Amino acid sequence: MEIASSKNNWHYNPYLTERARYLRKHFTKSEAYLWKFGLRGSLMGVKFLRQRPVLNYIADFMCRDLLLIIECDGASHLIEGAAEKDARRDALLQEVGFKVLRFDDSMILDHLTTTLGIVAQEVEERKKQFWQ
């Protein structure tokens, strides 16, 4: 499969647009924290999009310029079979060039500063890789 780029609109999936709009209006507490205190606007120096359809998935947060996806894993990721689905999803996203960072809700809500530090470090590393 082709690497994600502006030429293929970063593998945008228009069939998931309505679902993504719904999720933008009904985000989780951990997504709200991460957005408000770290990813909104250009607080990280790059633009993140919320609930972005890509391939057959909806990424919680995506930075197109750095091919970086951030996922907030809530209770639904703890059910049987979820880890395998997440691994398949991550592998497909990585196949087209994305780096996926996953944080469970408790990490975001209880250790927001640490979470944002990890994201900021990855953003800086990806900037060096993509913007040299």
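Two strands count as paired if DSSP finds at least two bridges between them. Keep that in mind as you work through this predicted model.

**Exercise 1. Decide whether strand 2 and strand 3 pair, and in which sense.**

Step 1: Find the strands. Strand 2 covers residues 57-63 and strand 3 covers residues 68-73.
Step 2: Look at the bridges. There are 3 bridges between strand 2 and strand 3, and the cut-off is at least two, so the strands pair.
Step 3: Check the directions. Strand 2 and strand 3 run antiparallel.
Step 4: Pick out a facing pair. Met62 stands opposite Ile69 in strand 3.

**Exercise 2. Describe how strand 1 joins strand 2.**

Step 1: The pairing is antiparallel and extends over 5 bridges.
Step 2: Look for opposite residues. Leu49 faces Met62 in strand 2.
Step 3: Inspect the link. Strand 1 and strand 2 make a hairpin, with 2 residues between them. In the turn, Leu55 has a positive phi of about 55°.
Step 4: Ask how covered strand 1 is. Of its 6 residues, 5 are buried, so strand 1 is mostly covered.

**Exercise 3. Describe the packing of helix 2 and helix 5.**

Step 1: Recall what to report: the angle between the axes and the distance between them.
Step 2: Helix 2 (residues 29-39) packs with helix 5 at about 65°, and the axes are 11 Å apart. Their crossing is right-handed.
Step 3: List the residues in contact. Helix 2 gives Tyr33, Leu34, Phe37, Gly38 and Leu39, while helix 5 gives Leu112, Thr115, Leu116 and Val119.
Step 4: Sort this contact by class: 7 residues are nonpolar, 2 are polar and none is charged.

**Exercise 4. Is Thr17 buried or exposed?**

Step 1: Locate Thr17 in helix 1 (residues 17-25).
Step 2: Its relative accessibility is 16%, and buried means under 20%, so Thr17 counts as buried.
Step 3: Name its contacts. Leaving out residues up to four places away in sequence, Thr17 touches Tyr12 and Pro53.

Terms used: Residues are numbered from 1 along each chain as its sequence is written. This is a predicted model: local features need pLDDT of at least 70, side-chain atom pairs count only at pLDDT 80 or more; totals for chains, interfaces and linings use all residues. Side-chain values use heavy atoms; hydrogens and water are left out. Helices (H or I, at least four residues) and strands (E, at least two) are DSSP runs, numbered from the N terminus. Buried means under 20% relative accessible area, exposed over 50%, partly exposed in between (1.4 Å probe, protein chains only). Contact means heavy atoms within 4.5 Å. Axes are lines fitted to C-alpha atoms, for helices over the stretch in contact, and angles run from 0 to 180 degrees between N-to-C directions. A crossing is left-handed if the near helix is turned anticlockwise from the far one by less than a right angle, and right-handed if clockwise. Ala, Val, Leu, Ile, Met, Phe, Trp, Tyr, Cys and Pro count as nonpolar, Asp, Glu, Lys and Arg as charged, and the others, Gly among them, as polar.
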